Amino acid sequence: MLGGQGPDALTVDRSGLDRLPAGRRARVKAGLIDQSVVAGLGNLLGDEILWRARVDPARPARDLDAGERDRLADALRGVLRDAVRAGCVPARPSWLTGHRDEPDPACPRCGGPLRPDRIAGRSTPWCPHCQAGRDPAPPGAGGGGRPHSGS
Ligand SMILES: [Zn+2]
């Protein structure tokens with residue numbers, strides 16, 4: 001039961017996310033798994049929520065706009081509901097958690113390689129394609145060869 005703290009996190013909504021440290025350069029993931037912000041949110045859940053919300057875990061929390069906070073709140077509720085029901089963070093094929101321990105983990109959304117970072121001292125796999133914080137560009141588009149207007 002998520003260490004018995006899941007229901008606390010279940011009650012978090014947008015107002016809870018607004019308490020993410022906004023005045024510091026804290027990364028959004030660090031704020032998300034900080035017990036004082038959202039009780040009971042573990043490392044796996046934090047990564048899963050950020051991946052589902054398509055938010056770069058290394059972004060400073062204060063840089064998130066309203067749309068990103070809304071997406072985080074939606075992802076948080078959805079992930080926690082399923083996790084509480086399953087009694088764990090389910091390692092489903094459609095979840096980031098279902099791939100994070102693979103030798104060459106791939107994003108279940110776009111199929112691209114997950115990047116194994118460490119944030120806040122915790123392993124933090126994330127998808128540079130889906131969570132880049134900008135409009136996704138098709139991989140390999142263009143490819144150079146543009147004529148360079150030299151002098
Ligand atoms: Zn992806």
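## The core

In this predicted model, the largest nonpolar core has 28 residues. Leu32, Leu45, Ile49 and Leu50 are the ones with the most contacts inside it. Helices α3 (28-33), α4 (43-53) and α5 each put at least two residues into this core, and α4 gives the largest share, with six.

Take a look at Ile49. Leaving aside residues up to four places away in sequence, Ile49 touches Leu32, Leu72, Ala75, Leu76 and Val79.

## Helix α5

Helix α5 covers residues 66-86, which makes 21 residues.

Which residues of α5 are buried? They are Leu72, Leu76, Val79, Leu80 and Ala83. Viewed down the helix axis, these buried residues sit within an arc of 105°, so they line one face of α5. Just past the helix, Gly87 has a positive phi of about 80°.

## Two loop residues with positive phi

Arg54, in the loop between α4 and α5, has a phi near 60°. With 19 other C-beta atoms within 10 Å, Arg54 is partly exposed.

The other is Ala120, with a positive phi of about 55°. Ala120 sits in the loop between β1 (115-119) and β2 (122-126), and counts as partly exposed, with 17 C-beta neighbours inside 10 Å.

Conventions. Residues are numbered from 1 along each chain as its sequence is written. This is a predicted model: local features need pLDDT of at least 70, side-chain atom pairs count only at pLDDT 80 or more; totals for chains, interfaces and linings use all residues. Helices (H or I, at least four residues) and strands (E, at least two) are DSSP runs, numbered from the N terminus. The expected span of a helix is 1.5 Å times one less than its number of residues. A residue is buried if 20 or more other C-beta atoms lie within 10 Å of its own, exposed if 12 or fewer, and partly exposed in between; C-beta atoms are placed from the backbone. The arc is that of the directions from the helix axis to the C-beta atoms. A nonpolar core is a set of buried Ala, Val, Leu, Ile, Met, Phe, Trp, Tyr and Cys residues joined through C-beta atoms within 7 Å. Two residues are in contact if their C-beta atoms, placed from the backbone, lie within 7 Å.
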